[in-house]
Amino acid sequence: MSIIRFIHTADLHLDSPFKGMRGLPAGRLNNLRDSTFAAFTKLIEYALKTKPDFVLIAGDIYDGEDRSLRAQMKFHEGMELLNTASIPVFISYGNHDHLGGRWTRFELPPNVHVFAGDVGKARLLVNGQSVSIYGFSYRERHIREAMINQYPIAENDDAIHIGMLHGSLAGDETHAVYAPFTKNELLAKHYDYWALGHIHLRQHLHELPAIIYPGNLQG
C-alpha cells in the first residue's frame, strides 16, 4: 500500500460574527472576526507549500446557512489556488452550511468534489494507489438520524478507504447532537481513516485506524 498525504480540516466557520464577544473593544472584535479568514488563508498557503495529494473539509465551512458573499468569495479564491496547483478537494457540508440554505450560488472549480445529501463515494488514484472517500452533506440544519448506517463496509483491501462525517460521538452532549455515531460503529466499517467534523476541540478518538476531530481551524 502506497503512502498518501492529505490535509483534514473542518469547522472553518468563515465570517462568524462572534456574537458572544460583542463586549470587546471594536478593534479587537474586528480582528477576531477576521481570524476565520486569516486562518483559512494560512491553510491554503500551507497546502500550496506542502502539496498534499488532496484536502478533506468535513463540514461547516461557513458559519451560517446564508453563506455570506464575502465568505463565499474568499473560499472560492482559495479553491481556485488549489485547482491551479492540481490539488483535489472533497467537501461534506455540515449543519451550519447545509444544502437547504438560501444563498447566491458560486460555482466551484473542477478540483472540488461536493458530497450530496445521501452518503456517496468518490474515487481517485494517488501515485498508483486507489483511494475511496465516503461522505454526505447535510440536507437541512438538524440531522438527528445515525447517518453512519448509510456508509458501506470497505471490501477492497487494496484501496485506502476514508470516511468523512460531520457529527457527534453518541453520548457526548457538550455540543448539539447531530448524526450520532459510536466508535465501534466507525471501526466496523473497516476504513483506514475517519475525517470527522462538528466538535471544535481537536481529538484523537482512535489511533489505528485514525479517527480524528481536527478542531476549529483558527483555534
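Which elements each supply at least two residues of the lining of the largest cavity? In this predicted model, they are α1 (26–50), β2 and α2.

## Overall architecture

The protein chain has 219 residues, of which 49% count as buried. Its secondary structure comprises three helices and ten strands. Read from the N terminus, the elements follow one another as β-α-β-α-β-β-β-β-β-α-β-β-β. Among the contacts in the chain with a separation of 6 or more, 69% are between residues 24 or more positions apart.

β1 and β2 are parallel and share four bridges; in one of the residue pairings, F6 has F54 of β2 as its bridge partner. β2 in turn is joined to β3 by three bridges, again in the parallel sense, and V55 is partnered by V89 in β3. Strand β3 (residues 89–91) is connected to β4 by three bridges, also parallel, with I91 paired to V114 in β4.

| Strand pair | Bridges | Sense | Bridge partners |
|---|---|---|---|
| β1 and β2 | four | parallel | F6 and F54 |
| β2 and β3 | three | parallel | V55 and V89 |
| β3 and β4 | three | parallel | I91 and V114 |

In a regular strand, side chains alternate between the two faces of the sheet. In β2, F54 and L56 point one way, while V55 and I57 point the other way, and all of them are buried.

T9 belongs to strand β1. With a relative accessible area of 4%, T9 is under the 20% limit and is therefore buried. Apart from its neighbours within four places in sequence, T9 is in contact with L43, L56, I57, A58, P214 and L217.

## The largest cavity

How many cavities of 30 Å³ or more does the structure hold? There is one, and the largest cavity has a volume of about 30 Å³. Its lining is made up of L43, I44, A47, V55, I57, M79 and L82. α1 makes the greatest contribution to this lining, with three residues. By class, the lining of the largest cavity contains seven nonpolar residues, no polar residues and no charged residues.

V55 and I57 line the cavity and point the same way from β2, opposite to F54 and L56. L43 and I57, both part of the lining, are among the residues in contact with T9.

## The six-stranded sheet

A further open sheet is formed by six strands in the order β5-β6-β7-β8-β10-β9, and its pairing is mixed. Neighbouring strands here are turned by 20° against each other on average, direction ignored.

Within this sheet, strand β8 (residues 193–197) and strand β10 (residues 210–213) run parallel and are joined by three bridges. Y193 stands opposite A210 in β10.

L187 is located in helix α3 (residues 183–187). L187 and A210 are 23 residues apart in sequence, and their C-alpha atoms are 9.7 Å apart in space. Is L187 buried, partly exposed or exposed? Its relative accessibility is 24%, a value between the 20% and 50% limits, so L187 counts as partly exposed. Leaving aside neighbours within four places in sequence, L187 is in contact with H206, P209 and I211.

Technical notes: Residues are numbered from 1 along each chain as its sequence is written. This is a predicted model: local features need pLDDT of at least 70, side-chain atom pairs count only at pLDDT 80 or more; totals for chains, interfaces and linings use all residues. Side-chain values use heavy atoms; hydrogens and water are left out. Two strands pair if DSSP finds at least two bridges between them. Buried means under 20% relative accessible area, exposed over 50%, partly exposed in between (1.4 Å probe, protein chains only). Contact means heavy atoms within 4.5 Å. Axes are lines fitted to C-alpha atoms, for helices over the stretch in contact, and angles run from 0 to 180 degrees between N-to-C directions. On a 1 Å grid over the protein atoms alone, a cavity is a set of points where a 1.4 Å probe fits but cannot get out, and a pocket is an open set with protein on both sides within 12 Å along at least five of seven lines; lining residues have an atom within 4 Å of a point. Grid points are joined across faces, edges and corners, and a volume is the space filled by probe spheres set on the points. Ala, Val, Leu, Ile, Met, Phe, Trp, Tyr, Cys and Pro count as nonpolar, Asp, Glu, Lys and Arg as charged, and the others, Gly among them, as polar.
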